[in-house]
Amino acid sequence: MAPDASNRITVYVATESPFSHRVTYALEETKITHDPVWIDLFNKPDWFRQNVHGVMKVPYLVHGGPQLHEDEEPGPGSVRIPESLIILEYLADVFPTSGLLPADPALRAKARLFIQSVETKFIPAFVGFLFMGAPVHAILGAIEALQSFLPAEGFVLGTWSIADATFAPFFLRLEALLKNGLGLYDESAGKEAHAALHSERFARIQTWITDNLARPSFKKTWDEEHYIQKYTQRLDIARKTGTFAPGLDIPANLKQK
Ligand SMILES: N[C@@H](CCC(=O)N[C@@H](CS)C(=O)NCC(=O)O)C(=O)O
């Protein structure tokens, strides 16, 4: 799906960022032509703050105008959108036949309920478990709640939609971190979480993630080895500075873990 030369889509994204991955996965899935600009989160360029997005967070979408050089300021007529979920909904609105969201209002409502559960239950539990010493049952409970949305087979709505794109990047990152023992949780809690996720209790979510991984769009946008390398780097910095990301300070007693 190609926008004309004067109506480009630019996405500012970072390879390791699960929020960015939501957007790159969805864009690849629909084959909407887009120009990615890769931001190094360890060394955010000044032009990103000055010319593009003062808040300096990714993902960030610019729609409209000609193709941008990476440090160029978007033109005044372009649409500029932060926040991964708002970007996904915007793309679904602008490209209604792209398969991002079905037309059926009941299915759209189900997608939004799933997304709300990802945002309000899973993400706080994910951050709590990985960085704050929260108990393992909270994250497992949040994943179980998401699993309960899944039909007997296929994706959240049966066919693939942005609902799947909101959660798969996080679930795979969690699996990769647990497998590698990375995070500020106790070793025993990590092993418990990993074993539980591979038990019968989570069999359905495992087939769902396998189905996501099998999609060319997901394969193209996910590099586990690269993610682990970036995450290890970030964890080292967090242990030294006490901050994992802007607004995410880690408790002093967990820094040695
Ligand atoms: N709620 C935002 C969260 C975006 C976010 O926190 N992005 C992180 C990367 S995963 C970021 O840009 N952090 C800035 C930094 O690490 O300096 C969304 O859904 O897009």
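1. Start with helix α10, residues 224-241: D236 and R239 both sit in this helix, three residues apart, about one turn. (Helices are DSSP runs of H or I with at least four residues, numbered from the N terminus.) Their side chains form a salt bridge with an N to O distance of 4.0 Å; the rule asks for a side-chain nitrogen of Lys or Arg within 4 Å of a carboxyl oxygen of Asp or Glu. D236 has 36% relative accessibility and counts as partly exposed, and R239 is partly exposed too, at 28%. The cut-offs here: buried is under 20% relative accessible area, exposed is over 50%, and partly exposed is in between (1.4 Å probe, protein chains only).

2. Some bookkeeping before going on. This is a predicted model, in which local features need pLDDT of at least 70 and side-chain atom pairs count only at pLDDT 80 or more, while totals for chains, interfaces and linings use all residues. Residues are numbered from 1 along each chain as its sequence is written, and side-chain values use heavy atoms, with hydrogens and water left out.

3. Now the overall layout. The protein chain splits into domain 1 (9-94) and domain 2 (105-254), with bounds that come from an automatic or database domain assignment. Taken over C-alpha atoms, the domain centres are 23 Å apart. Domain 1 puts 20 residues into the contact and domain 2 puts in 28, where contact means heavy atoms within 4.5 Å.

4. How much area is buried between domain 1 and domain 2? About 2,300 Å², with carbon and sulfur atoms giving 62% of it. (Buried area is the accessible area, 1.4 Å probe, that two parts lose on being put together, summed over both.) On the domain 1 side, H21, Y25 and F42 lose the most area to domain 2, together 32% of what that side buries.

5. The polar side of this interface is worth a look as well. The rule finds four salt bridges across the interface of domain 1 and domain 2, and the count of salt bridges by this rule comes to ten. Twelve residue pairs are in polar contact across the interface, both partners at pLDDT 80 or more. A polar contact is a pair of N or O atoms within 3.5 Å; within protein, one must be able to donate a hydrogen and the other to accept it, and residues adjacent in sequence count only if both atoms are side-chain atoms.

6. Which helix supplies the largest share of the domain 1 side that touches domain 2? That is α1, with nine residues. Helices α1 (18-30) and α3 (84-94) each supply at least two residues of that side.

7. E28 in helix α1 and K220 in helix α9 (residues 216-221) are 192 residues apart, and their side chains meet at 3.3 Å, N to O. E28 is buried at 16% relative accessible area, whereas K220 is exposed at 61%. The other is E29 with R215, whose closest N and O atoms are 2.6 Å apart. R215 lies in the loop between α8 (203-213) and α9, 186 residues from E29, and counts as partly exposed at 23%.

8. T24 counts as buried, at 9% relative accessibility. The T24 side chain reaches the backbone oxygen of H21 at 3.3 Å. Leaving aside neighbours within four places in sequence, T24 contacts V13, W38 and T221.
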